[in-house]
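Welcome to the tour! Keep your viewer open and follow along, one selection at a time.

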Amino acid sequence: MPSYEQPIIFLLLFTLAILAQITSTSLIGGSVTVEVSSAVSLATVSLYGPFAAGVVAAGALTTLSIISLHASWSGWPRAIERIGFNVGMGATAMFMAGILFQFTTQWLGSDTMWAQLFPWILAAVINDQVNLWLLIGILHLQSGVKPLEIWHQHKWAVPINVLVMSVGGGLLTIAVRQFNFLGIAVFFLPIVMSAYSFRLYVTRTKRQMEELEELVALRTSDLAQVNKELEELNKDKDAFLAVLTHDMRTPLTSIKGYASILRDQELPREQQVHIMKIILRSQETLLEIVNNILEIEQLQSGTPALMEPSTFDLALLLRSVVESVEAMAMEKKICLQYEQVPSPVMIDADMRKIARVLMNLVSNAIKYTPEEGVVAVKTYTNGRYAIVEVKDNGYGIPADELPHIFERYSRVKGHRHIAVGTGLGLAIVKNLVEAHKGEIRVTSEEDKGSTFTVKLPL
Ligand code: ADP
């Protein structure tokens with residue numbers, strides 16, 4: 001009896017077929033598996049016959065099914081059903097391939113090279129195709145998947161499987177016949193190792209593809225962000241043009257009209273003074289618009305506001321701001337109340353910037369309050385903060401527009417015909433207050449009035 005017929009060699013092949021499953025590689029989303037243990041099964045055909053080959057295939061497939069179960073232990077009854085099906089299918093395919101192998105070997109003999117090669121290739125093709133068509137049949141019956149669809153998915157694996165199986169099986173048989181135990185080590189191990197490298201290569205490629213996909217997703221979201229920013233810039237540009245065309249036009253038209261009257265008509269001195277005041281007021285409005293645009297431009301550029309801090313009395317500053325807008329209030333017969341505080345409210349801040357904040361809030365209160373209304377301002381401390389309150393009983397801000405009032409170019413729709421403005425003042429105010437680590441809040445009710453409260457750290 002030739003030594004390879006010893007049961008120990010069969011057991012060794014059986015064990016190798018099981019171990020070789022660690023090299024099995026999933027391709028095309030896991031639907032195709034390339035593995036070399038089928039080469040061991042095929043070698044078993046020529047050494048021990050079709051039945052023994054079926055047993056080796058069953059052992060190997062049981063291992064493969066268990067390895068690929070992963071975390072789905074919870075569904076074990078279904079899993080056992082699946083393992084049974086896979087193993088039965090694989091063992092049947094290998095048994096059929098074995099029968100055909102024996103038949104063609106006897107029929108063709110071993111005279112020519114072709115006669116020696118053909119049974120291996122045929123057995124490999126039969127094993128692969130029986131496996132595949134059994135799978136196709138079951139999937140079609142179970143879930144109605146079209147047979148050709150599965151065939152197209154699996155066709156890539158056919159040449160690889162046939163090559164690995166026939167070459168591996170043939171070489172292993174020669175090696176065992178010639179060198180016994182050593183033959184397995186000399187011929188089979190390199191095959192297993194190359195299959196393992198193939199598996200590593202595929203796994204690494206898959207990982208690289210996943211990383212690439214992640215990168216593409218990241219770049220896509222970056223692009224979406226840039227797009228959003230561009231959209232916002234575009235909106236800003238539209239709003240800016242609206243300010244230029246509408247809000248600057250009104251005071252310019254007024255200057256032109258009144259200046260022409262002064263040029264063409266002989267008016268009493270009193271009327272001349274009145275017209276000049278209107279011209280000056282329009283010029284101030286224009287200057288404020290230009291200043292706001294310049295300021296927002298600087299804030300948008302991301303350069304932090306340059307601070308020139310000094311220690312000063314906020315109460316005194318508020319009083320001087322109130323005095324500078326008294327004329328504006330008087331024109332509208334608005335009662336401008338300034339609540340005197342007993343002691344100074346000393347803060348460390350950039351005085352010019354804080355003056356700008358106060359000026360904006362107080363002049364807004366006058367602008368958006370109808371004739372004969374009341375605007376009251378006061379400042380006090382609560383120990384940690386200096387607080388300024390600017391309160392009016394004017395038009396107020398509708399609740400749905402209140403959350404956006406500090407955004408650039410945001411103006412209450414109903415206020416556009418009431419006063420000329422850019423919608424930039426409050427955005428600048430908020431920015432300046434925050435640059436001082438302070439806070440600004442507003443409470444408002446339509447047709448009842450608004451209260452703006454600024455808190456600055458002491
Ligand atoms: P504007 O140049 O239009 O006055 P602001 O940024 O200073 O720009 O104000 C934005 C908008 O907030 C104003 O257009 C106005 O609709 C509203 N608003 C500001 N202050 C008041 C206030 N005291 N009462 C009612 N509405 C106000």
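Helices (H or I, at least four residues) and strands (E, at least two) are DSSP runs, numbered from the N terminus. This is a predicted model, in which local features need pLDDT of at least 70 and side-chain atom pairs count only at pLDDT 80 or more, while totals for chains, interfaces and linings use all residues. Residues are numbered from 1 along each chain as its sequence is written, and side-chain values use heavy atoms, leaving out hydrogens and water.

Start by selecting the ligand. Its shell holds 20 residues, and the closest include N364, H415 and T422; a residue is near the ligand if one of its heavy atoms lies within 4 Å of it.

Next, colour helix 13 (351–367), helix 14 (425–435) and strand 9 (449–457). Each of them supplies at least two residues of this shell. Which element gives the largest share of the shell? That is helix 13, with three residues.

Now look for polar contacts (pairs of N or O atoms within 3.5 Å). Select R411: a polar side-chain atom of this residue lies 2.7 Å from an oxygen atom of the ligand. For Y368, a polar side-chain atom is 2.8 Å from a ligand oxygen atom. At G425, a backbone N or O atom lies 3.1 Å from an oxygen atom of the ligand.

Finally, select F406 and F452. Aromatic rings pair if their centres lie within 6.5 Å, and planes over 60 degrees apart count as edge-to-face. The whole structure has seven aromatic pairs. In this one the centres are 6.4 Å apart and the planes at 85°, so the pair of F406 and F452 is edge-to-face.

How values were computed. A polar contact is a pair of N or O atoms within 3.5 Å; within protein, one must be able to donate a hydrogen and the other to accept it, and residues adjacent in sequence count only if both atoms are side-chain atoms. Rings of Phe, Tyr and Trp (its six-membered ring) pair if their centres lie within 6.5 Å; planes under 30 degrees apart count as stacked, over 60 as edge-to-face and the rest as tilted.
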